[in-house]
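User: I have a structure open and want to learn to read its features one at a time. Can you walk me through it?

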Amino acid sequence: MPPYTIRLASVVTHFPGAAPDEVEGLVTEPLEESIREMPEVKTITSESRSGLSVITVELLVEVSNSELQSVWTTLRNKVGDTRKFLPSNVMGPIVKDDDIGTVFGVILGVTGDGVPYRILEDYAKDVREELLQLPDVAKIKYGGIQEERIFIEFDDKQLAQYDLGGNELRNIIAATNVLSPAGKINVGRKRIELEPSGSFENLDDLKNTLIPAGKGSVVYLKDITTKIFRDYNTPAEKIVKINGQKAIALFVSLKDGANIVRMGEDIDNVLPVINNRLPLGVEVVRSASQDHVVKGQVNDFLINLVQSVVIVLAVMLFFLGFRTGSLVAALLPMVILSTFFFLNLMDIGLNKVSLAALIISLGLLVDNGIVVSESILVNMKQGMNTFEAGVYSGKVLIIPLLISSLTTASAFLPFALANTPMGEISSPLFWVVSSTILGSWLLAFTFIPLLAVVIVKTRKRSDDQKPGVIDYYMEKLNRWYNGVLYHVLQRPFLFLGFIVFLFVVALVSMQWLPFKLVPDSDRNLVTVDIKFPSGTHIDYTEKAADDIGQYIADNLLVADDYPDGAPGVLDYSAFIGEGPEPYDLGYFKDEANSNYAHMLLNTTGDVDNDYIIAKVDSFCFNYIPDADIRVNRLTGAGASGTPVEVRISGSDPDRLAMIAEEVKEKLVETEGTKNITDDWGPKVKKLAVEIDEERARRVGLTNIEVASALNTGLSGMQIGGLYDADEEIPIFLRSFDYKELDVSSLNTFTIFSSATGQNIPLTQVADVSVAWQFAKVKRKDLKRTITAGSYLKPGYNASDIFEDIGPWMDVQKAGWSAGYDYEFGGEDEDTNENLGAIFANLPLAFFLILILLVLQFNSIRKSTIIILAIPLGMIGVVAGWYIGGSFVSFFGVLGVIALAGIVVNNAIILIDRIDVEINENPDVDRRDAILRAANNRFRPVLLTTLTTSLGMLPLLFGGGLLWEPLTLAIIFGLFFATLITLLFVPVLYRLFFRIPFKDYVFNERILD
């Protein structure tokens, strides 16, 4: 897909030890207040959870890509200015905008069954260094790296024998392990730095640290602690597994302007070399491969393009004959080559949209050639030689065809002007179609007349010479059309009434068509999002991912004995605690959280995805009921992740949660919904330790000493670091039985008091009670906002759900207190934003078309005839969507707008021919002129309809769901638009210019 500008950045602030409501009040709110002063900001959303604030800033679509960096600089300055108003012990805030929008299209995993993480990490670093040498690789990030720690475990009772406690031990070690300057000394003419020892250089230095004990004695640290060792952080913060094996992931991104297919081929070439060097059991494997997907889809589109070229050529050669058809056929390679030249100048590469635009353009680019070729042949039949016919055709058609080409291009203009994600994705359509059509216009009046002189012989058919089979049937069809047109012109109001009736029926029946802004990705990839309640231990999340992985391995994994053609999973990977880096335009990464896991299942094909989703979804529902697990296809680029969202905003969190529960109950009752949840989650327990300052002072303890002792004993506290090679390994002090400590342990937990030299029970200085709190507080535009969301069952769309619950929501809102409100998000919001941007630019496109028409005809009436013909193409469009069993989408709307440009194109040619007939034969009956003009343009209009419609069949059958609504709209809409052009336009011309047909007798000889 083409790239689009992502106008998002996040502001991350750590506030250790703070509850979610404290994070919200002390960190999130001040930052939001400062950020909202920026005029470029569209929305501010935030999440405040224990010890962490994450604010997401979205900019207005008016902010261009070139302005982004200056806006982010302003954001950093705003955040920096607010830092002084935040609590002193916060870490940050940090503005993250670097990798937002970067897609890491290839994910590799370094696996090694039983290999220690330290060794595996060394291999991963070597692989990364080698891959960075590839010419198309921009950056490579790690995933699943386990952080090493040096742990000092102690026993309170043992330390008490030496008149020590955890706090005292921490202070002594921290004061010993220092790296501090000691000044400089004069030595002759030089100043030499003094470098005192002190910092730990290895684990033995730490173990042999001298600790002052009671009564003036000193002991080694190793003698008064239970264990000092180097290990990985437990519990782990993030874990990566590929096919069930622990791994270290390498996320590879592409340089700007580079070719992801070429990068993938380079990686494929170098991986066997790397794997041959690695020891047995260690291997580099692929986890996600966007390059393979791109290669396959681009190849498919190129095949579709070739098929379209063949179809268009076949239609022209079949209906025009070899000599005449070859005139137009010569346009195709010339225009396509010129289009590639201009695309290179505009830096538009090969992607789904640009290739689809070429396929759409194939039928349009031959229109000019067909009209010019047909005109040359008609003039030759009237006695002109080839040269005269070519010159005369150019003189008569050059301006009308230019105007018609410009009007067609103008219809695509709103997509180039829309600054929304879908507008940017679809903008290549305008540039490709415009360059193609204008290129074909230029070549139609230079290349085709030149070839006509060389190829077409001046020859009249004698009266006794029989026409060819195609000419014979075309003439019969033409005569049938002339008869129909004659009868329609005699009964114009009956015909117009019938057309209006069909138009009303089409508009009314549109409401029953399903709507989806962008269909889900057709990539052979299924995602599994696992979310437990906040605070869930990562081991529990890992077990859920392992259970799903084991089910896949036992039931779905493709093996050697797997039946051919059966749906299955090729391989799977799990990212636990933190999602992978963005691997697709439809996926965004959240901040790390122990209750979250993201799985990628590479499947045997797009058509197999639904089967695998149903199987995995059923397993999760039956065997992991306590988690919110969503098994889905990838979301289409530019669309929201959750299709149905209801946002409720207000001040009281409890009231918001109550309303959200009612909304979720309503969604459960609504047909077509599944995986219903909210983004706050249930309340979680916390233990409130109320320190009694008076009792604490009596035993010589302060509040900070009590908190530090609890943190050190229960979780561990960092007390410095040890430098090893090129990294610093943090040193943590913790109780030896930290894993066994639980709620009941608090009653016996003791704190050493240096003042009394005794271990003081926690219950003597504090009261412990259980309390409930929201695990996180979310806000949108400075208001607390809880979002109830739902995914959809197959066959349903978001608009159906919003339509069902909308009236109910209005009734509920009437009973809410002042200050509480709701809004629909998800696909509803995406639709309003993306289609709203398109519709906002439609008046400009309409104005340009109107100006071009007035310039061409210098007549309001003729321009009005063409304008009135535009919307009637909807009759064929709606019929096509119903016949094809399709849906309305963003690109479907694009197809309707594109159809409008094609209808204008044909109508211009027809009305211009009527004017030519009247101007060149002033004495001719205007009724004869209408019939002769329609007869003259019947064959070109019919051929352009066939070439455009049939040329899009490969895109219809091979382009996937993304292009289905667009192709159906153009194919079926164009067939009906042909009827509009050939019948509706002459009828309106007759009525607008008051040309009577009541007493007119049709004589076919006027057509000769």
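**Helix pairs, sheet and local geometry**

Analyst: Start with a helix pair: α27 passes α30 in a right-handed crossing. Keep in mind that this is a predicted model.

User: Which residues make up those two helices, and at what angle do they cross?

Analyst: Helix α27 covers residues 890–920 and helix α30 covers residues 964–992. Their axes come within 8 Å and cross at roughly 25°. Angles under 35 degrees count as roughly parallel. Therefore α27 and α30 are roughly parallel to each other.

User: How do the residues in the contact of α27 with α30 divide by class?

Analyst: There are 22 nonpolar residues, five polar and one charged.

User: How are α12 and α24 oriented to each other?

Analyst: Read the angle again. Helix α12 (residues 386–417) and helix α24 (residues 827–857) cross at roughly 170°, and their axes come within 8 Å. Over 145 degrees counts as roughly antiparallel. So α12 and α24 are roughly antiparallel to each other.

User: Which residues of α12 and α24 make the contact?

Analyst: On α12, they include Ile399, Ile403, Leu406 and Phe415. On α24, among them are Ile838, Leu842, Leu848 and Leu852. By class, the contact of α12 with α24 has 16 nonpolar, four polar and no charged residues.

User: What about α16 and α26: at what angle do they pack?

Analyst: Helix α16 (residues 492–509) and helix α26 (residues 874–883) pack at about 45°, with axes 8 Å apart. The pair is therefore oblique. The crossing of α16 past α26 is left-handed. From α16, Ile499, Leu502, Phe503, Ala506 and Ser509 make the contact. From α26, the partners are Met874, Ile875, Val878 and Tyr882. The classes are eight nonpolar, one polar and no charged residues.

User: Now the sheet. In what order do its four strands run?

Analyst: First the general idea. Strands of a sheet pair through backbone hydrogen bonds, either parallel or antiparallel. Here the order is β12-β7-β24-β23, in an open sheet with mixed pairing. At the edges are β12 (227–232) and β23 (717–724), each pairing on one side only. On average, neighbouring strands are turned by 30° against each other, direction ignored.

User: In what sense do β7 and β12 pair, and over how many bridges?

Analyst: They pair in the antiparallel sense over six bridges. Strand β7 spans residues 148–154. To find a facing pair, look at Phe151: it stands opposite Phe229 in β12.

User: Which strands does helix α5 lie across?

Analyst: Helix α5 (residues 166–176) lies across β7, β23 and β24 (727–735). It runs at about 30° to β23.

User: How many salt bridges does a search of the whole structure find?

Analyst: The search finds 40. To call one, look for a Lys or Arg side-chain nitrogen within 4 Å of an Asp or Glu carboxyl oxygen. Glu29 and Arg779 qualify, with their closest N and O atoms 3.6 Å apart. Glu29 lies in helix α1 (residues 20–35) and Arg779 in strand β28 (residues 776–780), so the pair ties together parts 750 residues apart in sequence.

User: Last topic: backbone exceptions. Where is there a cis peptide bond?

Analyst: Most residues other than glycine have a negative phi, and most peptide bonds are trans. A cis peptide bond joins Gly92 and Pro93, with omega about 0°. Pro93 is found in strand β4 (residues 91–96).

User: What is the phi of Asn243, and where does that residue lie?

Analyst: Its phi is near 50°, a positive value in a residue other than glycine. Asn243 is in the loop between β13 (239–242) and β14 (245–254).

How values were computed. Residues are numbered from 1 along each chain as its sequence is written. This is a predicted model: local features need pLDDT of at least 70, side-chain atom pairs count only at pLDDT 80 or more; totals for chains, interfaces and linings use all residues. Side-chain values use heavy atoms; hydrogens and water are left out. Axes are lines fitted to C-alpha atoms, for helices over the stretch in contact, and angles run from 0 to 180 degrees between N-to-C directions. Angles under 35 degrees count as roughly parallel, over 145 as roughly antiparallel, 65 to 115 as roughly perpendicular and the rest as oblique. A crossing is left-handed if the near helix is turned anticlockwise from the far one by less than a right angle, and right-handed if clockwise. Ala, Val, Leu, Ile, Met, Phe, Trp, Tyr, Cys and Pro count as nonpolar, Asp, Glu, Lys and Arg as charged, and the others, Gly among them, as polar. Two strands pair if DSSP finds at least two bridges between them. Contact means heavy atoms within 4.5 Å.
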